[in-house]
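Hello,

Here is the structure we talked about, with the sequence alongside. Please have a look at it first, and then read on for what turned up.

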Amino acid sequence: MFDLFISAFKLKEVRKRIYFTFFVIVVYRFLSHVPMPGVDHNALATLLNNNTLLGFLNIFSGGGFKNFSIVTLGVGPYISASIIMQLLTMVFPKLEELSKEGEYGREKINQYQRLLTVPLCIVQSYSVYFLLKSQNIIGNLSPISFASLVLSMTAGTMLLMWLGELLTEYGVGNGISMVIFFGIVESLPATFGQTLLTANTQGYSNLIIMIIAAIIVIAGVVFINEGARHIPIEYAAKARGSYKRASNFLPIKINQAGVIPIIFAVSIILVPSFAGRYLITLPNEVVRNIGFFLNTNFTSTTPLYNLVFFVLVVGFTYFYTAIQFNPEKIAEDIKKSGGFIPGIRPGKPTSEYLNRVISRITIAGAVFLGLIAVLPSLIQSFTNVTTLTIGGTSLLIVVSVVLETVRQLESLVEVQSYESFL
């Protein structure tokens, strides 16, 4: 690892990319500490500490939600727009054809994605305002003040999205992922310090349990992220008038969906809680009782919440994997290239075989993501330590971003070294 960084700094082009990455991160961290007025920040910090889901949203804002800064929404609306565009690409044939048109098609879809981010920012800005107002963290705003609040949060997200795209193009790593990554890492020192203070009064046994659990989760994330089933593929290659076999393999990852299913699940699991807060304010007694039920049973410490969250993550893992991995298309591509899986006939039998393999492998990935999603609630219930809010999802993001960035850095070093040699 250290040899990789030393080699990277020796190459001028790679060194410039690393410096640019640090510059963008400094600008981003500055923006996340530029607060907007009219908010009780102490009450907001208490709300985030007592609500795992809002703490999760704070992660995707890179800490901006905690400070109620101009980048309060973070890259959440952009991620939502990306997911929606992927779904629309599967539904509308024109978008699917556009996605296959190379660089031009990808650029057009990215443009639609940016445009879709704007209305999503407006909707999420209103949701944030409604949430904070219901908790008496922010007061009533005049129409002009409310419009300024919405426009400021929307502009902050669009600026952050632009910085992320610049980082992807001129820096190291995926810009959006790096924004989330540094938001998580930034909160670690303060969070760990609070946990140590809690351990002084409650004993260190719970802290040791949490550290062991974190190590196990990290090892599991690396294993699942890097784990893949290699399907052997053979091709008939012509050489000197005769045919011989050339072998290759098709890697099928255990976790095809990444962290996307958890994002989907969080978006839905937040609805009952928000709906409950609204329903209890209505005059109808039956509706109020429904609101009280939702408020009582859909908090991060209740069994019903964790069960529904787990089921949603597992279901969305299968759903997103089905979008990402198309056995029929892959089988057709293998057949067109003259390849075949040993013991399996080309065409439909190959498609059915790949479908069976991906269905079985996804079980492990789906259950793993489901456990990762509910892990913070389970550990906090077991240890009674609520200060260490970083959970399995955060570790999944951190480890995934580190692995992806290291791979890209290795690729940049190899390319620049090859070009220098030429």
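Let me start with Ala 81, which is in contact with Gln 113, Leu 116, Thr 117 and Leu 120, leaving aside its neighbours within four places in sequence. Contact here means heavy atoms within 4.5 Å. Before going further, please note that this is a predicted model, in which local features need pLDDT of at least 70 and side-chain atom pairs count only at pLDDT 80 or more, while totals for chains, interfaces and linings use all residues. Residues are numbered from 1 along each chain as its sequence is written, and side-chain values use heavy atoms, with hydrogens and water left out.

Back to Ala 81, which sits in helix 6. Its relative accessibility is 0%, so Ala 81 counts as buried (buried means under 20% relative accessible area, exposed over 50%, and partly exposed in between, with a 1.4 Å probe and protein chains only). Between Ala 81 and Leu 116 there are 5.9 Å from C-alpha to C-alpha, although they are 35 residues apart in sequence.

For the overall picture, the protein chain has 17 helices and 3 strands. Both are DSSP runs numbered from the N terminus: helices are H or I with at least four residues, strands are E with at least two. The chain holds 422 residues, of which 44% count as buried. Of the contacts between residues at least 6 apart in sequence, 72% join residues at least 24 apart.

Now to the helix pairs. Two packed helices are described by the angle between their axes and the distance between the axes. The axes are lines fitted to C-alpha atoms, for helices over the stretch in contact, and the angles run from 0 to 180 degrees between N-to-C directions.

Helix 6 (residues 76-91) and helix 8 (residues 102-134) cross at roughly 125°, and their axes come within 8 Å. That makes helix 6 oblique to helix 8 (angles under 35 degrees count as roughly parallel, over 145 as roughly antiparallel, 65 to 115 as roughly perpendicular and the rest as oblique). On the helix 6 side the contact includes Gly 76, Pro 77, Ala 81 and Met 85, and on the helix 8 side it includes Ile 109, Leu 116, Leu 120 and Gln 124. By class, this contact of helix 6 with helix 8 has 10 nonpolar, 6 polar and no charged residues. In this count Ala, Val, Leu, Ile, Met, Phe, Trp, Tyr, Cys and Pro are nonpolar, Asp, Glu, Lys and Arg are charged, and the others, Gly among them, are polar.

Helix 8 also packs against helix 9, at an angle of about 135° and with the axes 9 Å apart. Helix 8 and helix 9 are therefore oblique to each other. Among the residues that meet are Arg 114, Cys 121 and Tyr 129 in helix 8, and Phe 146, Met 153 and Glu 165 in helix 9. The contact of helix 8 with helix 9 divides into 11 nonpolar, 4 polar and 2 charged residues.

Helix 9 (residues 143-170) has a further partner in helix 2 (residues 12-31), with an angle of about 170° and axes 9 Å apart. Helix 2 and helix 9 are therefore roughly antiparallel to each other. Phe 20, Val 24 and Leu 31 of helix 2 are among the residues that make the contact, as are Leu 159, Leu 163 and Tyr 170 of helix 9. The residues of the contact of helix 2 with helix 9 are 12 nonpolar, 1 polar and 2 charged.

What about the interior? The largest nonpolar core has 66 residues, and those with the most contacts inside it are Ile 231, Ile 252, Ile 262, Phe 309 and Leu 354. A nonpolar core is a set of buried Ala, Val, Leu, Ile, Met, Phe, Trp, Tyr and Cys residues joined through side-chain atoms within 4.5 Å. Helix 16 (residues 348-383) gives the most to this core, with 10 residues. Apart from this core lies another, of 16 residues, which include Cys 121, Ile 138, Leu 149 and Met 153.

Thr 405 is buried, with a relative accessible area of 15%, whereas Thr 281 is exposed, at 58%.

Best wishes
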